[in-house]
Structure formats: structure tokens, C-alpha cells
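Please work through the following exercises with the sequence and the model at hand. Each task is followed by a stepwise solution.

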Amino acid sequence: MALRISPLSFPSQKCVCAPPASSVARSHRGIFMASTLHTSAKTENTGKPFSPPREVHVQVTHSMPPQKIEIFKSLEGWAENNILTLLKPVEKNWQPQDFLPDPSSEGFQEEVKELRERAKEIPDDYFVCLVGDMVTEEALPTYQTMLNTLDGVRDETGASLTSWAIWTRAWTAEENRHGDLLNKYLYLSGRVDMRQIEKTIQYLIGSGMDPRTENSPYLGFIYTSFQERATFISHGNTARQAKEHGDLKLAQICGTIAADEKRHETAYTKIAEKLFEIDPDGTVLAFADMMRKKISMPAHLMYDGRDDNLFEHFSAVAQRLGVYTARDYADILEFLVGRWNVESITGLSGEGKKAQDFVCTLAPRIRRLEERAQARAKQGPAIPFSWIYDRKVQL
């Protein structure tokens with residue numbers, strides 16, 4: 001699960017602890033970024049073993065009415081027949097080792113040498129994007145935790161046999177391979193500072209995430225539908241660019257991960273589609289709520305111990321390279337509106353109709369804002385990234 005850029009230029013609900021305009025980070029490509037508050041003190045000076053380097057929104061919790069929980073209990077059988085079937089048996093699934101040099105082989109060192117030779121031809125800015133994707137995937141414990149905050153679908157025991165709990169654990173198990181594979185590839189490539197990357201992962205998992213889903217599976221499954229499609233697009237683009245740089249094995253790695261993300265997108269969009277069928281008014285209100293808040297990024301609290309704006313800088317490189325852009329954000333929104341036939345929903349309440357109009361007209365507005373921002377954008381500076389031994393990359 002990986003996503004980066006979120007426009008901040010259209011009307012949105014105010015947060016209790018929304019930062020002043022001067023504290024909102026903006027990429028050098030002219031696209032506003034999802035932001036959090038910066039703390040003035042460094043982690044090392046707090047006197048605590050760990051203190052998150054960012055503050056987050058004051059959270060609204062358990063906003064879903066209790067009667068809505070019954071909807072998800074009633075969908076247990078449906079989820080078993082329609083969602084669990086999208087999982088793949090472990091014995092038939094790919095594993096990271098399928099794409100990496102075999103350490104038990106006599107030709108292991110030669111295979112590693114070949115991998116490193118291919119990696120030499122790939123530019124630093126691509127590696128910044130690949131590391132950012134890997135770090136995001138490695139924060140998987142946070143994403144399972146987030147899913148287990150959702151009322152009515154959480155794993156209540158850690159080994160619950162409800163369909164929702166089985167899905168969450170099995171989805172996590174499938175996603176776990178993504179970070180493992182990218183991590184090992186990057187380690188073997190010799191192109192990156194693994195210790196700095198490992199610190200970034202530890203900071204990110206320790207900081208958590210701030211999706212503002214309010215323990216509501218309505219909000220949660222809309223969020224994951226968006227995120228999984230974004231990850232599919234992002235990994236697909238890193239696959240394409242790896243091929244352009246001549247590393248067909250890396251292209252295969254990224255493409256295989258993208259295919260996983262596409263299958264997971266199918267699962268989450270099917271859940272939301274079912275909610276639109278059962279409760280169109282409540283679901284369209286949740287859809288609009290998430291889009292007004294903006295889809296916060298799983299890795300938006302990213303930090304390496306040095307760069308307070310690491311996430312924004314990483315996002316700016318991804319935007320410039322076309323790995324994931326503000327236009328992709330608009331395209332995903334438009335795709336989901338079409339996938340769920342939101343424009344054709346009838347019988348909505350007054351508030352539901354307003355929400356319907358908001359989400360159905362938002363994508364073109366985002367595109368117009370993005371085009372204006374691009375027209376005004378100036379070339380960003382080159383800054384050092386600790387992930388690649390402080391070599392500088394253009395934003």
C-alpha cells in the first residue's frame with residue numbers, strides 16, 4: 001500500500017488542529033501536499049525513548065451509529081463468498097525468493113554481481129521513488145492496526161474466524177511479501193544506505209498513520225479502495241521505468257507487486273460496491289467525507305531522523321518522474337465514481353444528493369487546479385537524500 005500526493009486546494013472540512021498556512025508543506029512542483037504539524041523539538045531532545053516527529057489531527061472516533069454495525073455482521077456470508085475468494089492459496093502464491101539470487105546456489109555471488117551491474121544503470125531519482133515505495137510497504141503493521149480499529153469488522157481476538165478478520169490477516173500476509181522483496185532487492189543492489197532506510201521504517205511504524213477513518217468501515221473501505229488502486233498505479237509505473245532503464249528483473253518485481261495490488265483493489269472496491277447497494281445514502285456521505293478530508297497518505301509521517309520534510313521531498317520526486325502524480329489522484333477518484341456508478345444513484349436524501357454532486361464534480365476541479373499549479377511551477381532545487389548516501393536529487 002503506497003500513495004503520495006494529495007491536492008489541498010479545494011474546499012475541505014477544517015481540522016481541530018489544522019496548521020496555519022505557513023506550516024503547510026508544498027512541493028516544489030506546485031502541488032499542495034497532505035500535511036501534519038511539525039513539532040519544534042527534535043526527537044532526541046524529548047527525554048523519551050521514542051516521540052513521533054509529527055503531530056496529527058485530533059481524532060474523531062466511533063462515529064458510525066451502532067445500528068450500522070449490524071450491516072457488517074449480516075455481510076459475513078457475503079464476504080466469505082465474494083472477498084475471501086480473491087485471496088490466493090499460499091502454496092500457489094509467489095514468494096520474494098522467486099525473484100532473488102538463491103543464497104544456496106553456487107552461482108549466488110555471480111547472480112548478485114549481475115543484479116548490481118544492472119542497478120548501476122538506474123538513476124538516483126528512481127531509487128528515491130523505489131525506496132519510498134519500499135518504506136511504505138514495510139510499515140504494514142500500521143495498516144493492519146488501522147483495519148483492526150474499524151467497528152464491526154475488526155479481528156477481536158487476534159485469531160478470529162469471522163470473514164472480515166480472516167481477510168485482514170490474509171491480506172496482511174500477502175502484502176508482507178512486497179516490502180520483503182523490495183527490501184532485499186535494494187540491499188543487494190548496493191545503491192542505497194540501508195541503515196538510513198531502516199531508521200526511516202522504524203520511525204514510520206512508531207509514528208503510525210492518520211487516515212481519519214473514525215473507526216468506520218464505511219470510511220475505511222473507501223480509503224483502502226483508493227489506496228490500493230494508487231499502489232497499483234505507482235508500482236506499475238516503477239515497473240515501466242525499470243524496463244526503460246534496462247533492468248527487466250526489477251521491472252518484473254514491480255509488475256508482480258502491482259498485480260497483487262490490483263487484486264486487492266478489486267476486493268475493497270467490491271466491499272464498497274456492496275455498501276452502495278445496501279446503504280447508498282450512508283455510503284455516498286462517507287465517500288464525500290473522505291474526499292473532503294483528502295486521502296491522507298499511509299507514509300505521510302515518514303522521517304529519517306534528519307529531514308523534517310522527507311515525505312514532501314519524496315513526493316515531489318515521484319511527481320516529477322511520473323511515478324505517482326496529482327493527475328493520478330484525480331484519475332483514481334474518477335475511476336471509483338464510475339466503478340460504483342455514483343452518478344446514477346437515486347433516492348438519496350438532501351445531504352446525500354449534495355455528497356453525490358461533490359464527488360462527481362471533484363475530479364475535473366482537481367485537474368484544473370493541478371494544471372494551473374504546473375503552469376506556475378518552477379524547477380525545484382536539488383536536495384540530498386540520506387537513503388542514497390546524501391547524493392542530491394532534483395525535486
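This is a predicted model: local features need pLDDT of at least 70, side-chain atom pairs count only at pLDDT 80 or more; totals for chains, interfaces and linings use all residues.

Residues are numbered from 1 along each chain as its sequence is written, and side-chain values use heavy atoms, with hydrogens and water left out.

**Exercise 1.** Determine how helix 3 and helix 6 are oriented to each other, and which residues make the contact.

Solution. 
1. Two packed helices are described by the angle between their axes and the distance between the axes.
2. For helix 3 (residues 108–120) and helix 6 (residues 163–189), the angle is about 85 degrees and the axes are 8 Å apart.
3. The two helices are therefore roughly perpendicular (angles of 65 to 115 degrees).
4. Helix 3 contributes V112, L115, R116 and A119 to the contact, and helix 6 contributes Y185, L188 and S189 (contact means heavy atoms within 4.5 Å).

**Exercise 2.** State which residues the UniProt annotation "binding site" covers, and whether E137 and E261 are buried or exposed.

Solution. 
1. According to the unreviewed UniProt entry, the annotation covers E137, E175, H178 and E261.
2. These residues are spread over 125 residues of sequence, yet they cluster in space, with a largest C-alpha distance of 11.3 Å.
3. E137 belongs to helix 4 (residues 124–138), and its relative accessibility of 2% makes E137 buried (under 20% relative accessible area; exposed is over 50%).
4. E261 is located in helix 9 (residues 248–278); at 0% relative accessibility, E261 is also buried.

Conventions:
Axes are lines fitted to C-alpha atoms, for helices over the stretch in contact, and angles run from 0 to 180 degrees between N-to-C directions. Helices (H or I, at least four residues) and strands (E, at least two) are DSSP runs, numbered from the N terminus. Angles under 35 degrees count as roughly parallel, over 145 as roughly antiparallel, 65 to 115 as roughly perpendicular and the rest as oblique. UniProt positions are given in the numbering used here, feature names are shortened, and annotations may be inferred rather than shown by experiment. Buried means under 20% relative accessible area, exposed over 50%, partly exposed in between (1.4 Å probe, protein chains only).
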